[in-house]
Amino acid sequence: MRPLRGRSGMLGHVKRSAGQSTANRGRGRRVGRYTLGARVYDVVSLEWPVYRPGRLAGIRLLRLRPGDRVLDIGCGTGLNFPAMQAAVGPTGAIVGVDQSEQMLARARARVRRHGWRNVDLVCADAADLNGAGPMSVEPMTADPFDAALSTFALSIIGDGAGAWRAAVQATRPGGGLAVVDLALPTGRWAVLAPLARLACFTGGVDLDRKPWRWVARDTSQVTQLSLRGGHIRVAAGSRPHPPAAGT
Ligand SMILES: C[S@@+](CC[C@H](N)C(=O)[O-])C[C@H]1O[C@@H](n2cnc3c(N)ncnc32)[C@H](O)[C@@H]1O
């Protein structure tokens, strides 16, 4: 565990990476809708009636401890931050990455409101955390995270698989990884499928992606949950340790 000392006190300062203006021009429609909708996201996203149990389950399954340093991929307005703060405490740290400056502006306001001094907000493409391209934020990932999660974002991010790979690489062996994402409800909840489909379409969700499957594929000690009739899928596991030398 390595608290983010030295960066604390930034109060939700938004870092911008080197090639951002180039990347800004290339932003897809998916980010565009969050840019336009950032102001109303917390109200219209059905957080309380529908989606909150999903994010709380994902965070719980990370088994965060005081002092942990956590990466939030596609953090949006920071709806995960209160529960993560409660778990990691003031000696821990949160790094939120999002490609929409407008969503990060809402997140920064949340950080200010709560007076948190251990949150860094990074405006970047989540698929490109490790210095491979123009939006490199290499210093951010120099020290491995104790845990990483993504809630309702991997099915939206253009290169969601790349963002997942970056999150795995940024997490220490044995660290927790969790994904919370969306599918159409089934069983007696299937009657709500048209509404769910509309919500997913409006949010730019690629329903074929099913990113919780990547958790089952790439981590160990996997737990999977299905909430709201299968509309919310939660998966969490640990980053496997590399095989010992000579085995
Ligand atoms: C549905 S919102 C989810 C926000 C937050 N995780 C939550 O649970 O409320 C999806 C977020 O993904 C962000 N996003 C889309 N493409 C991205 C990318 N390539 N890199 C980082 N964030 C991205 C959007 O800006 C938006 O904030």
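Student: What should the 14 residues of helix H6 span at 1.5 Å a residue, and how far apart are its end C-alpha atoms?
Tutor: This is a predicted model, so every value here is computed from predicted coordinates. Helix H6, residues 101-114, should span 20 Å at 1.5 Å a residue, and its end C-alpha atoms are 20 Å apart, which agrees.

Student: Which residues of H6 are buried?
Tutor: They are Met103, Leu104, Arg106, Ala107, Arg108 and Val111.

Student: And what follows H6?
Tutor: Gly115 does, and its phi is positive, near 70°.

Student: Let us step back to the whole chain. How many helices and strands are there?
Tutor: The protein chain has nine helices and eight strands. Of its 247 residues, 45% count as buried. Among contacts between residues at least 6 apart in sequence, 76% join residues at least 24 apart.

Student: How many residues are in the largest nonpolar core?
Tutor: That core has 60 residues. Those with the most contacts inside it are Val70, Ala126, Ala148, Ala163, Ala167 and Ala178.

Student: Take Ala163, then. Which residues does it touch?
Tutor: Leaving aside residues up to four places away in sequence, Ala163 touches Ile73, Ala126, Ala127, Leu154 and Ile157.

Student: Now the ligand. Which residues come nearest to it?
Tutor: Of the 24 residues around the ligand, Gly74, Gly76, Ser100, Ala126 and Thr151 come nearest. Two elements give two or more residues to this shell, namely helix H2 (29-37) and strand E3 (93-98). H2 gives the most, with three residues.

Student: What is the shell like by class?
Tutor: The shell around the ligand has twelve nonpolar, eight polar and four charged residues.

Student: Moving on to H4: which of its residues are buried?
Tutor: In helix H4, residues 47-61, the buried residues are Tyr51, Gly54, Arg55, Gly58, Ile59 and Leu61.

Student: You mentioned E8. Is it largely enclosed or exposed, and why?
Tutor: E8 is largely enclosed by the rest of the structure, because six of its seven residues are buried.

Student: How does E8 pair with E6?
Tutor: The two strands pair in the antiparallel sense over seven bridges. Within that pairing, Val179 has Ala235 of E8 as its bridge partner.

Student: How many bridges join E7 to E8?
Tutor: Six bridges join them, and these strands also run antiparallel. Ser226 stands opposite Arg233 in E8.

Student: What lies between E7 and E8 in that hairpin?
Tutor: There are four residues between the strands, and Arg228 takes a positive phi near 50° there. Arg228 is not a glycine.

Student: Why does Arg228 count as partly exposed?
Tutor: Arg228 has 18 other C-beta atoms within 10 Å. A residue needs 20 or more to be buried and 12 or fewer to be exposed, so a count in between makes it partly exposed.

Student: Where is Lys210 found, and what is its phi?
Tutor: Lys210 is in the loop between helix H8 (193-203) and helix H9 (212-218). Its phi is near 50°, a positive value in a residue other than glycine. With 16 C-beta neighbours inside 10 Å, Lys210 counts as partly exposed.

Key. Residues are numbered from 1 along each chain as its sequence is written. This is a predicted model: local features need pLDDT of at least 70, side-chain atom pairs count only at pLDDT 80 or more; totals for chains, interfaces and linings use all residues. A residue is near a molecule or strand if its C-beta atom, placed from the backbone, lies within 6 Å of it. Ala, Val, Leu, Ile, Met, Phe, Trp, Tyr, Cys and Pro count as nonpolar, Asp, Glu, Lys and Arg as charged, and the others, Gly among them, as polar. A nonpolar core is a set of buried Ala, Val, Leu, Ile, Met, Phe, Trp, Tyr and Cys residues joined through C-beta atoms within 7 Å. Two residues are in contact if their C-beta atoms, placed from the backbone, lie within 7 Å. The expected span of a helix is 1.5 Å times one less than its number of residues. Two strands pair if DSSP finds at least two bridges between them.
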